[in-house]
Amino acid sequence: TCRKSGVLRCRRCMEAARPRCGACGEGLSGQAVDFEGRVFHPGCFACDDCSKTISSNYRVFEGRKLCPRCHERATPKKLCERCKQHVIGQFVQLEGKAYHPDCLRCSKC
């Protein structure tokens, strides 16, 4: 018997009704990762570029889930016009140039 719905099902029907991993297709039980409407075993949730398991942080770039390392390689690099360091995350763009928010200063004062 399913506890949530109270529906009586045999083991085969219970197995057929279980959600399936979006990577391996096996039934899910316990922890799962939800990504854009698909669910994955934590060990099957992997970077679309390098295929390494993504355990915590991931980014989406052009519809692909990427580990931080592959995301860094895939995204165009911007350098802050003032400090010349990589701009990651929020930035201000002025006259085609990128600035960290803290680096953008008035040029007069």
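User: Does E95 count as buried or exposed?
Analyst: This is a predicted model, in which local features need pLDDT of at least 70 and side-chain atom pairs count only at pLDDT 80 or more, whereas totals for chains, interfaces and linings use all residues. Residues are numbered from 1 along each chain as its sequence is written, and side-chain values use heavy atoms, with hydrogens and water left out. E95 is found in the loop between β5 and β6, where helices (H or I, at least four residues) and strands (E, at least two) are DSSP runs numbered from the N terminus. With buried set at under 20% relative accessible area, exposed at over 50% and partly exposed in between (1.4 Å probe, protein chains only), the 74% relative accessibility of E95 makes this residue exposed.

User: What is the phi of E36, which is not a glycine?
Analyst: Most residues other than glycine have a negative phi. E36 sits in the loop between β1 (33–35) and β2 (38–40), and its relative accessible area of 59% makes it exposed. Its phi is positive, with a value of about 50°.

User: How many residues does the largest nonpolar core have?
Analyst: A nonpolar core is a set of buried Ala, Val, Leu, Ile, Met, Phe, Trp, Tyr and Cys residues joined through side-chain atoms within 4.5 Å. The largest includes F35, F40, F45, I54, F61 and L66, and its number of residues is eleven.

User: Is H100 buried or exposed?
Analyst: H100 follows β6 (97–99), in the segment after that strand. Beyond its neighbours within four places in sequence, H100 is in contact with C80, C83, Q85, H86 and V87. Its relative accessibility is 19%, so H100 counts as buried.

User: How many disulfides does the count come to?
Analyst: A disulfide is a covalent bond between the sulfur atoms of two cysteines, and the rule applied here is a pair of cysteine sulfur atoms within 2.5 Å. The sulfur of C103, a residue buried at 13% relative accessibility, has its closest cysteine sulfur in C80 at 3.8 Å, which is too far for a bond. By this rule the number of disulfides is zero.

User: Which cysteine has the sulfur nearest to that of C50?
Analyst: With the disulfide count at zero, C50 is in no disulfide, and the nearest cysteine sulfur, 3.8 Å away, is that of C47.

User: Which element gives the most to the lining of the largest pocket?
Analyst: On a 1 Å grid over the protein atoms alone, a pocket is an open set of points where a 1.4 Å probe fits, with protein on both sides within 12 Å along at least five of seven lines, and lining residues have an atom within 4 Å of a point. The lining has 13 residues, and H71, T75, V87, I88 and G89 lie nearest the centre of the pocket. The most, three residues, comes from α2.

Note on methods
Contact = heavy atoms within 4.5 Å.
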